[in-house]
Amino acid sequence: MELATTLTGQTVQNRVREIGINANHWYAVAWAKELHPNQILPIRLWNQEIALYRDSQGIVQAVEDICPHKGVALHKGKVQGDAIVCPYHGWEFEAGQCTKIPYFPPEQKLPRACVKTFPVRERYGIIFIFPGDPTLADQVPMIDIPQYGDPDWLMVTIGAEFQAHYTICNENTMDVFHGYLHENLQGWFDPVLLKLQETQDTVRADYRVSYEGPMTKFLGLNETSKVTTRTISVNYQYPNYINSLEGISFLYLMRLPISPQESRSFSLMFVKVRIPRWLTEPLRPVLEPVIRNLFFMRFLRQDIEMIESEYAHYISDRQRRYVEVNPAIIAVQRLMVRQYEQYIHSPSHSPSHFPSHSPSAPSANGASTEKPAAIPESI
Ligand code: FES
Ligand SMILES: [Fe+2]
């Protein structure tokens with residue numbers, strides 16, 4: 001559906017800050033290099049505590065980080081072959097089942113004590129988890145990143161943490177009008193929303209922006225340092241973003257909603273290499289951190305400050321209303337609410353299955369699973 005691109009004032013529905021997630025998607029939860037053999041990495045996905053470890057084949061396993069014996073965190077234990085071993089009494093678990101209690105005689109039957117497992121995949125140097133109905137995991141496509149591993153592209157990995165609800169972070173990514181914030185970093189200016197499209201699962205906005213300065217030349221936006229205009233496509237494909245700048249660069253941004261108050265992002269930025277390949281290969285390990293730290297992290301730090309300020313004011317007064325003018329932001333809010341409602345109304349969902357709502361952010365009447373207020377369908 002094509003939407004109007006006119007900028008008009010609308011009151012933002014704060015209830016979007018109280019929604020949970022649609023757990024029937026693949027979520028990026030960790031960089032693969034963070035998980036070493038024989039180590040256990042604890043992560044949180046919408047308040048669900050999960051322990052990641054590599055089995056004897058190096059394949060990532062994901063289990064609930066709570067021992068079914070007495071509730072101790074399993075990540076404090078150790079890995080033994082294919083099993084995760086609880087630190088307290090040494091019970092061992094494999095594929096979700098208790099396979100050994102060290103103080104039981106060999107012939108004694110083990111109790112039925114299961115630990116929940118999650119579908120998990122390692123791709124693009126990232127570990128993904130499917131926290132929802134595991135029978136749907138194979139049907140739900142993962143993000144596709146064709147540039148990954150292609151030597152014609154320089155890949156820059158960028159991670160960030162935000163003390164904010166994931167919906168605020170996602171609105172920041174769609175909000176190209178905040179180039180004002182990055183003015184001192186030779187960011188973009190004069191943004192214009194050219195086109196806005198919405199489907200059941202996506203919002204795509206095309207913006208025209210202007211760049212200038214030596215960095216634009218370095219990134220291949222312009223042959224000179226003069227002003228140039230380019231079209232940025234910002235494509236929200238729940239729960240990820242795929243953004244591109246006229247095929248010159250791509251940004252794949254994967255969001256981890258840790259809890260209602262914390263979010264993390266895993267981004268892969270691809271920049272077309274404009275120097276000969278024989279020179280790029282040795283330079284790649286040097287270029288990547290330089291571009292990340294001298295360029296992207298400076299932008300990100302500015303964004304994090306704004307996002308956290310916005311969230312802090314939301315928390316201090318949840319009833320306060322704000323004014324939005326960008327129809328792309330309203331469309332992103334609508335999509336996030338729609339996905340959440342779709343999940344809580346799905347036949348496979350049960351509150352004990354996966355916490356879908358914001359447990360620590362109850363709605364005004366205290367009913368935390370209450371349907372959020374409707375956001376207008378048309379703009
Ligand atoms: S609490 Fe885990 S083995 Fe006892
Ligand atoms: Fe920004």
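Predicted model: local features only at pLDDT ≥ 70, side-chain atom pairs only at ≥ 80, totals over all residues.
An open sheet of three strands is found here, in the order β4-β5-β6, with antiparallel pairing.

Reader: Which strands of this sheet stand at the edges, and why is one side of each left without a neighbour?

Author: Strands count as paired when at least two bridges are found between them. In this sheet β4 (40-45) and β6 (60-64) stand at the edges, and each has a single partner strand, so one side of each is left without a neighbour in the sheet. On average, neighbouring strands here are turned by 30 degrees against each other, direction ignored.

Reader: How many bridges join β4 to β5, and which residue is the bridge partner of P42?

Author: Six bridges join β4 to strand β5 (residues 48-54), and the two run antiparallel. The bridge partner of P42 in β5 is A51, while L41 has L52 as its bridge partner in that strand.

Reader: What do β4 and β5 form, and which residue in the turn has a positive phi?

Author: The two strands form a hairpin with two residues between them, and W46, in the turn, is the residue with a positive phi of about 50 degrees.

Reader: Is W46 buried or exposed?

Author: A residue is called buried when its relative accessible area is under 20%. W46 has a relative accessible area of 0%, so it is buried. In space W46 lies 7.7 Å from I21, C-alpha to C-alpha, although the two are 25 residues apart in sequence.

Reader: Where is E246 found, and is it buried, partly exposed or exposed?

Author: E246 is found in the loop between β17 and β18 (249-259), and it too has a positive phi, of about 45 degrees, without being a glycine. With a relative accessible area of 41%, E246 is partly exposed.

Reader: Which residues does a cis peptide bond join?

Author: The cis peptide bond joins Y238 and P239, with omega at about 5 degrees. P239 is found in the loop between β16 (228-237) and β17 (240-245).

Reader: What is the order of the open sheet of four strands?

Author: The order is β7-β8-β9-β10, with antiparallel pairing. Here β7 (78-80) and β10 (97-100) stand at the edges, each with a single partner strand, so one side of each is left without a neighbour in the sheet. Neighbouring strands of this sheet are turned by 40 degrees against each other on average, direction ignored. Three bridges join β7 to the antiparallel strand β8 (residues 83-85), and in that pairing Q80 stands opposite A83.

Reader: How many residues of α1 are buried?

Author: Nine of the nine residues of α1 are buried, so this helix is largely enclosed by the rest of the structure. Among them are Y166, C169, E171 and M174.

Reader: What is the mean pLDDT of the protein chain, and where is the pLDDT below 50?

Author: The mean pLDDT of the protein chain is 88, and 88% of its residues reach 70 or more. Over residues 359-379 the pLDDT is below 50, and this stretch has 49 contacts in the model beyond near neighbours in sequence.

Technical notes: Residues numbered from 1 in each chain as written. Chains lettered and ligands numbered in written order. Heavy atoms only, no water. Axes fitted to C-alpha atoms, helices over the stretch in contact; angles between N-to-C directions. Buried < 20%, exposed > 50% of the residue type's maximum accessible area, 1.4 Å probe, protein only. pLDDT = per-residue confidence, 0-100. Contact = heavy atoms within 4.5 Å.
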